[in-house]
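Student: I'd like to walk through this model with you, one question at a time. Please help me read it from the coordinates up.

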Amino acid sequence: MTARFTDQVAIVTGGGSGIGLATVLRLASEGARVVAIGLDPGRTERAAQQARGAGAPEAWGAVCDVADEATVERTVAEALRRFGRLDVVVNNAGMMLFKPLQDYTSADWQRVLGVDLMGAVHFTRLAFLHMAKGGAIVNVASVHAAMTTPLVAPYAAAKAAVLSLTRSASIEGRDKGIRANAVLPGAVDTPMLWENPNVKSGVEKIDPKDVGKPEDIAAAIAFLASDDARFVTGAALAVDGGRLAKL
Ligand SMILES: NC(=O)c1ccc[n+]([C@@H]2O[C@H](COP(=O)([O-])OP(=O)(O)OC[C@H]3O[C@@H](n4cnc5c(N)ncnc54)[C@H](O)[C@@H]3O)[C@@H](O)[C@H]2O)c1
């Protein structure tokens, strides 16, 4: 494995499971010092242990609700205190609710947008304030940013807005030497996929050939976060095994 992140510090939100954990381990295996952020202390601590095992010189598992701006500020400040710099932010934490459009309350919308959009907004703001030149932000959107299914309106809206945030960050990041890109995962073999009521009920049909592994998404995230992608910013990369391209 090449070591594209030696001497760099990466924050990965939702780093305790699924795509986030695969990303933590991929960045760790390439030499990054990693902060794995999540809601569950056991999972984030395990992610940090696994990251050290995978090659991270240092790793920290941090409990932080990405929707809570004050907690995000404290967590980034502590990451800077421990590791002294910030090079990569992967905004991966996400959640979904499933309801007919008319049943969503304002509180439901705020809950989903709070995590899936505002979480990325908070970390982007702090990245702009503290990131070293040459830094990179990678936002984990979804194919739902482009096409969607019934019952997930706030999630689809949040993921579409994350692409817009990515564009804005890429434009305003240019002079700061910060790149911002997004990946749009298709169906990925994580609990989030198989616990999805739309998948269980068949509303969202998943061909097993269309299901990728968390490591497939982590590889694309690592590319966009790395200097290999130094001329790539504002991009939205579908990592979906071709699912979006189908009629
Ligand atoms: N699995 C898929 O098929 C798929 C497809 C497209 C996009 N995605 C996106 O990939 C990302 C990762 O999802 P995953 O499939 O690995 O599922 P996952 O449920 O394993 O990961 C989501 C992570 O986000 C964390 N999280 C949720 N709310 C949080 C909060 N308020 N603060 C901090 N952490 C929080 C969870 O603890 C969890 O670790 C999500 O943004 C999801 O929308 C997943």
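Tutor: Gladly! Helices here are DSSP runs of H or I with at least four residues, strands are E runs of at least two, and both are numbered from the N terminus. Keep in mind as we go that this is a predicted model.

Student: Now for α1. How far does helix α1 reach from its first C-alpha to its last?

Tutor: Helix α1 covers residues 18-29, which makes twelve residues. At 1.5 Å a residue, a span of 16 Å is expected.

Student: How many of the twelve residues of α1 are buried?

Tutor: A residue is called buried if 20 or more other C-beta atoms lie within 10 Å of its own. In α1 the residues that pass include Gly18, Ile19 and Gly20, and Arg26 is on the list too. The helix is largely enclosed by the rest of the structure, because the number of its residues that are buried is eleven.

Student: Which residue just after α1 takes a positive phi?

Tutor: As a rule, most residues other than glycine have a negative phi. The residue you are after has a phi of about 95°, and this glycine is Gly31.

Student: Let's look for other positive values. What is the phi of Leu151, buried or exposed as that residue may be?

Tutor: Leu151 is in the loop between β5 (136-140) and α5 (153-173). It is buried, because 21 other C-beta atoms lie within 10 Å. Its phi is positive in a residue other than glycine, with a value near 80°.

Student: Is Asp7 buried or exposed?

Tutor: Asp7 belongs to the segment before β1 (9-13), and its phi is also positive, near 70°. It has 11 other C-beta atoms within 10 Å, and a residue with 12 or fewer is called exposed. Therefore Asp7 is exposed.

Student: On to helix packing. At what angle do helix α3 and helix α4 pack?

Tutor: Helix α3 takes in residues 69-83 and helix α4 residues 106-130. Their crossing is right-handed. The axes are 10 Å apart, and the angle between the helices is about 35°.

Student: Which residues in α4 meet α3?

Tutor: The α3 side brings Glu69, Val72, Glu73, Val76 and Leu80. By class, the contact has five nonpolar, two polar and two charged residues. Facing the α3 set, the residues in α4 are His122, Phe123, Leu126 and His130.

Student: How many charged residues are in the shell around the ligand?

Tutor: The ligand has 27 residues around it, and those that come nearest are Gly14, Gly18, Gly94, Thr190 and Met192. Elements giving two or more residues to this shell are α1, β2 (33-38), β7 (187-188) and α6 (191-194). The shell divides into 15 nonpolar residues and eleven polar ones, and its number of charged residues is one.

Student: With which residues is Ala182 in contact, leaving aside its neighbours within four places in sequence?

Tutor: Ala182 lies in strand β6 (residues 179-185). It has 29 C-beta neighbours inside 10 Å and therefore counts as buried. Its contacts are Asn139, Ala141, Val162, Leu163, Thr166 and Ala236.

Student: One last comparison of loops. How far apart in space are Ala235 and Ser170, C-alpha to C-alpha?

Tutor: Ala235 is in the loop between α8 (214-225) and β9 (236-239). It counts as partly exposed, because it has 15 C-beta neighbours inside 10 Å. Ala235 and Ser170 are 65 residues apart in sequence, and their distance in space is 8.6 Å.

Student: And what distance separates the C-alpha atoms of Pro208 and Ala187?

Tutor: Pro208 sits in the loop between α7 (197-201) and β8 (211-212). With 7 C-beta neighbours inside 10 Å, Pro208 counts as exposed. Pro208 and Ala187 are 21 residues apart along the chain, and their C-alpha atoms are separated by 9.1 Å.

How values were computed:
Residues are numbered from 1 along each chain as its sequence is written. This is a predicted model: local features need pLDDT of at least 70, side-chain atom pairs count only at pLDDT 80 or more; totals for chains, interfaces and linings use all residues. The expected span of a helix is 1.5 Å times one less than its number of residues. Axes are lines fitted to C-alpha atoms, for helices over the stretch in contact, and angles run from 0 to 180 degrees between N-to-C directions. A crossing is left-handed if the near helix is turned anticlockwise from the far one by less than a right angle, and right-handed if clockwise. Two residues are in contact if their C-beta atoms, placed from the backbone, lie within 7 Å. Ala, Val, Leu, Ile, Met, Phe, Trp, Tyr, Cys and Pro count as nonpolar, Asp, Glu, Lys and Arg as charged, and the others, Gly among them, as polar. A residue is near a molecule or strand if its C-beta atom, placed from the backbone, lies within 6 Å of it.
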